[in-house]
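Good morning, colleagues. Please have the sequence and the coordinates open as I speak.

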Amino acid sequence: MKKALLALLAALLLPAGLAYAQGKTDIYILGKDKGSVSSMQAGGVTLVDARATAKKLGGSVELYAAAKQIKIAFPGMYAILSAPLAEVIINAQTIKLPAEVVASGSKIYTPVHFFMLPQVQKALDRQITFENGALVVEKNFTLAFTDKEQQKSFDRLRFFRKGNISFTSKQTNKHTVEAVFPGAVLKRNASVRLKDDFIRSFTLHQRGKDVLLKVVLGKHGQSWRLTEENGELVFTAGSALPAVQASASAPDKEDAEELDLQASPSVFDDEPAADTPVIRPAPQPVMTSGAPVIQTKRKLRIVIDPGHGGKDPGATRRGSSQEKALNLTVSKHLYNYLKKQGFDVKLTRDDDTFVTLAGRSKMANEYKADLFVSVHTNAAKRAAANGFEVYFRSDKATDAEAAEVAAFENEALQYEEAHYSFVDMLLESMAKNEFMNESSKLAGHIRNYVYKEPGIGIAVRQNNAIRQANFYVLRGVKAPAVLVEMGYISSAKDRARLNNKAAQKRMGEGIGKGIVSYLKAEGKISK
C-alpha cells in the first residue's frame, strides 16, 4: 500500500500530459557491474536519475530541489540541468537535449544522452555509450579484441582499431608471434584459449604506453600474418599463408588540454586536475593634487546587498521587526558612509523589492565590484543566542551553528521562480571561491571596527565572530565577499538595539570603517 501511495505521489509531481514508465538502468564501468539507477521512459527517450548516475561516474553533485536544478561537476567541466528544459548548460554553453529534464519529488531526471555528450566523455577521458538499456563506460581506447574465427584451413583474430595505429610484428620462436602497438590504449586485457591446430591461445595486454599481442601458434600454424582489412586489424594463422609484416602509419596525437578545475575523486583512478585559483591584482594608488579622499586609478566599486526583501521577509519576530527592513536601513547608512569616502557604491535593492540570490551576485559582477558586502540579521531557536558575526564563504561550515545560519539564509531559494537567474549564479561559481583568503581578511577588519564603534550595543566576540559557511549569495561573486549578521532578531537585547535608529547608523558606519581599513591594509587605497 505504501509503495502504491509513493508511486501515485511521484506521478502527481511529474509534468501533466506526459506519460513516464518507471524503471532501472544498469551501469557498467570498465567491464564491471556498478549497479543500477532509477530511470524512466518518455516518448522513447530514457531518462536517468542525474544525481545517482553522476555519482557513479565520479562526479560531484549539488542538487537544488526547490529550484528544480542540479549542478554536476567533472574535471574541467560544470553542467547545469534545469527542469523542465530540454537543454543543459555546460561551461556557459547551451546544448540541446532530446527530451526535457524532469523533476520528480527530490530527484532530477535527465535524458541519458547528457552523459554521452562529447564534453562529458572528454572530461572523464572515457567512451560512454548506451547499449541494450545499459550505460556502458569504457576507457578512451584505440584498440580492442572483438572476435575470433576458426575455419578448416586457418584461424583468425579480429581487433577494433581507432585512428591510425602503427605496429611491428615478429616471430620470436617456433611457436610464438609478438606484435607491439606503440601508443595504443587497450579497452581491456584479454587472454583467450582457442586450443586449435593453428592458434593455441593469445594474450593482449597494456604494457605501459604500448599494447602487446602475444600469439601461441598450434602445430599447423606454420604461416601467419597481421594485416589491416576494412578498418580492422586482423591476425590470421594457417598452414600455408605467406608471412606478411605490415606497418600502419603512426597515430595522430591530439593536443592535451589543461584542466584547472577539480571535481570529486573519480572511480577511474585518474589523477584529478589541480585547482588553480586566479587572483585579480589590486588597483595601485596614485597621488594627485586636489583628489578626493580615496585616491586610486579609478574609484573602487563596492556593492552593498541588503538581504531578503519583497516576498522574502527574512527572519521576523513579534511586532514590526522584520529582517528585510532592518537590513535595508543599515545598508543605506553604510552606502552613505562609503559614498562620502569617495567610493562608487551600489545597492542591490534600495526599497522593499525581491531580488534573487543569483541576481545579487550577478549585479555585483556586472558592476565589476571590487568588494561585496551582504547585510543580514540573524535568528536562532535558542533565545540566548546573540551577537555580531561576519561570514566568508567556504564549502565547509565552521561548525553546525554556522551551517544552520547558511541554511536559513539560503532558504531564499524557495522564493525564486526563474531558472536562468539561478543558473547565471552557478556558472559564476565554477571553482572554489578564489577570493576566500581576501574575504577572510575583510571579515577581520569589519569585526574589529564594529567592535570599536561606540553606541551599537551588540556583543562582538573576538574569538568566534568570524565564521565561514556555504552562502549561495557569496559564491558567485568575482571579488572578496562577506555576509554580515548584525545581531540576532530572536534575542530581545539585540532586537532592541537593531531597532534603535542611532545604533543602526553606528552599525553602518562601523562596517564602513572596517571596509576602509581593509582596503588601506591591502594597499588598494592610500593611507
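**Salt bridges, a helix and a sheet**

I begin with Arg 158, which forms a salt bridge with Glu 149, with the closest N and O atoms 3.5 Å apart. Please bear in mind that this is a predicted model. Glu 149 is partly exposed, at a relative accessible area of 22%. The structure holds 17 salt bridges.

A second one joins the side chains of Asp 305 and Arg 360, at 2.6 Å from N to O. Asp 305 lies in strand E23 and Arg 360 in helix H5, so this pair ties together parts that are 55 residues apart in sequence. Asp 305 is buried, with a relative accessible area of 1%, and Arg 360 is buried as well, at 2%.

How enclosed is helix H5 by the rest of the structure? Of its 10 residues, 7 are buried, so the helix is largely enclosed. Among them are Leu 357, Gly 359 and Ala 364. At the N-terminal end, Thr 356 caps H5, a side-chain oxygen lying 2.7 Å from the backbone nitrogen of Gly 359. Just after the helix, Lys 368 takes a positive phi of about 60°.

Let me turn to the sheet. It is open, with 5 strands in the order E4-E5-E6-E7-E8 and antiparallel pairing. Strands E4 and E8 stand at the edges with a single partner each, so one side of each is left without a neighbour in the sheet. The twist averages 20° from one strand to the next. E4 and E5 pair over 5 bridges, and Leu 63 stands opposite Ile 70 in E5.

Thank you.

Definitions and conventions:
Residues numbered from 1 in each chain as written. Predicted model: local features only at pLDDT ≥ 70, side-chain atom pairs only at ≥ 80, totals over all residues. Heavy atoms only, no water. Pairing = 2+ DSSP bridges. Helix = DSSP H or I, 4+ residues; strand = E, 2+ residues; numbered from the N terminus. Axes fitted to C-alpha atoms, helices over the stretch in contact; angles between N-to-C directions. Buried < 20%, exposed > 50% of the residue type's maximum accessible area, 1.4 Å probe, protein only. Polar contact = N/O pair within 3.5 Å; in protein donor to acceptor, adjacent residues only side chain to side chain. Salt bridge = Lys/Arg side-chain N within 4 Å of Asp/Glu carboxyl O.
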